[in-house]
Amino acid sequence: MFRNNYDNDAITFSPQGRIFQIEYASEAVKQGSATVGLCSKTHVVLVALKRNAEDLSSYQKKIISVDTHLGLSLAGLASDARVLSNFMKRQAIASKMTYDRPIPVERIVEEIGDRAQSNTQNYSNRPYGVGLMVAGVDDTGPHLFEFQPSGMTQEMVACAIGARSQMARTYLERSLESFADCTREELVTHGLKALKESLNQDKELTVENASVGVVGVAETESGKKKLEAFRLYDGEEMGPLLERALAGEGTKQEGEGEAQGESMDTS
C-alpha cells in the first residue's frame, strides 16, 4: 500500500522491515541467464549459460578469471560484475605484493560482501544488481561461495542462480551426495547436466552459449598437492565437454521411445 514511499533509496526500511531496492536488485539476478557451481574434495566447477542481446551481437561473457587460484561466474548486470571483479583482482594483487601469497578465498568473498553491504548505508549508492558464484582453492582446499546483492555471502557445496535456476537446483539436490568424490570430468558433466535442466524445451547447450571454468588441486607423483590453475573453457573447447556430458541423452531418449512403442503395440 505504501510501497512507493519506501523504495526511493537503499537505506530506508519499510514498516515490514524490507528494503525494496535490495529486492529489486535480487530480481535482476533472477532475470539473468543461469549459472551453476559445484564443489568436490579436489575441484570447483563453474558452468554458465551465455546470452546475446540480438542475433547481430556476440555472446556475453559469464565467467571471469580473477587470479590463478580464483574465478567467478555471474547472473544479473554484467557491468556491476565487471566492477566487482576488477576490485577482486586489485585485492588479489595487493595480497601477493604485501604478503607474498594468494589471497584466501573466504577473505576476498567477505571483502566484496562488505563492499556491497556498505551500499545499503549510503543514500547516494545503490545495491549491485548482480549475483556471483566465486570458485577458488587455497591452503584449506577448494571452496565455492555465493554472493548476493544484499552483501550476504555463504559457502556452498553446489548452487545455481539466475533464470529458471530452480530446475538446476533440483538436479543438484538429487545428486548432492555424489559430488564430494567426483573427479574433475564427472563434476563438469554434472554441472552441464544441471545447466541443461534450466533451459527451455526448444533450446540446447552449444559451444556458443555455454562456458565452463575449473580450478582445483592435483597430487604429484611424490604425493604433494599441486594447484591446477583456473581455466576457462569457451567456444570450440566446449565441444568435447558437451559431447561427454550429453552423450547418454540421445540413447536414453531412444530407449524410452522404443519402450513406449512396444507398449502401444501390445495394448
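Which elements cover the buried residues of helix α5? In this predicted model, the covering elements include strands β1 (35–39), β2 (43–49) and β9 together with helices α4 (165–174) and α6, where contact means heavy atoms within 4.5 Å. Helices (H or I, at least four residues) and strands (E, at least two) are DSSP runs, numbered from the N terminus. Residues are numbered from 1 along each chain as its sequence is written. Because the model is predicted, local features need pLDDT of at least 70 and side-chain atom pairs count only at pLDDT 80 or more, whereas totals for chains, interfaces and linings use all residues; side-chain values use heavy atoms, with hydrogens and water left out.

Helix α5 comprises 14 residues (184–197), and its first and last C-alpha atoms lie 21 Å apart, close to the 20 Å expected at 1.5 Å a residue; the expected span is 1.5 Å times one less than the number of residues. Its buried residues are Leu187, Val188, Thr189, His190, Gly191, Leu192, Ala194 and Leu195, buried being under 20% relative accessible area, exposed over 50% and partly exposed in between (1.4 Å probe, protein chains only). In helix α6 (residues 238–245), which is among the elements covering α5, the buried residues are Met238, Gly239, Leu241, Leu242 and Ala245. Seen down the axis of α6, these residues fall within an arc of 170 degrees, so they line one face of the helix; the arc is that of the directions from the helix axis to the C-beta atoms. An α-helix has 3.6 residues a turn, so residues three or four places apart point the same way.

Helix α2 (residues 78–99) has 22 residues that should span 32 Å at 1.5 Å a residue, and the 31 Å between its end C-alpha atoms agrees with this value. The buried positions in α2 are Asp80, Ala81, Leu84, Ser85, Phe87, Met88, Ala92 and Ser95. They cover an arc of only 160 degrees around the axis, which puts them on the same side of α2. Among the elements that cover them are β3 (63–67), β4 (70–76), α3 (105–118), β5 (130–138) and β6 (141–147). Just after α2, aspartate 100 takes a positive phi of about 60 degrees.

The loop between α3 and β5 holds both asparagine 119 and serine 124. Asparagine 119 counts as buried because its relative accessibility is 9%, and its contacts, not counting residues up to four places away in sequence, are Ala10, Asn125, Arg126, Pro127 and Tyr128.
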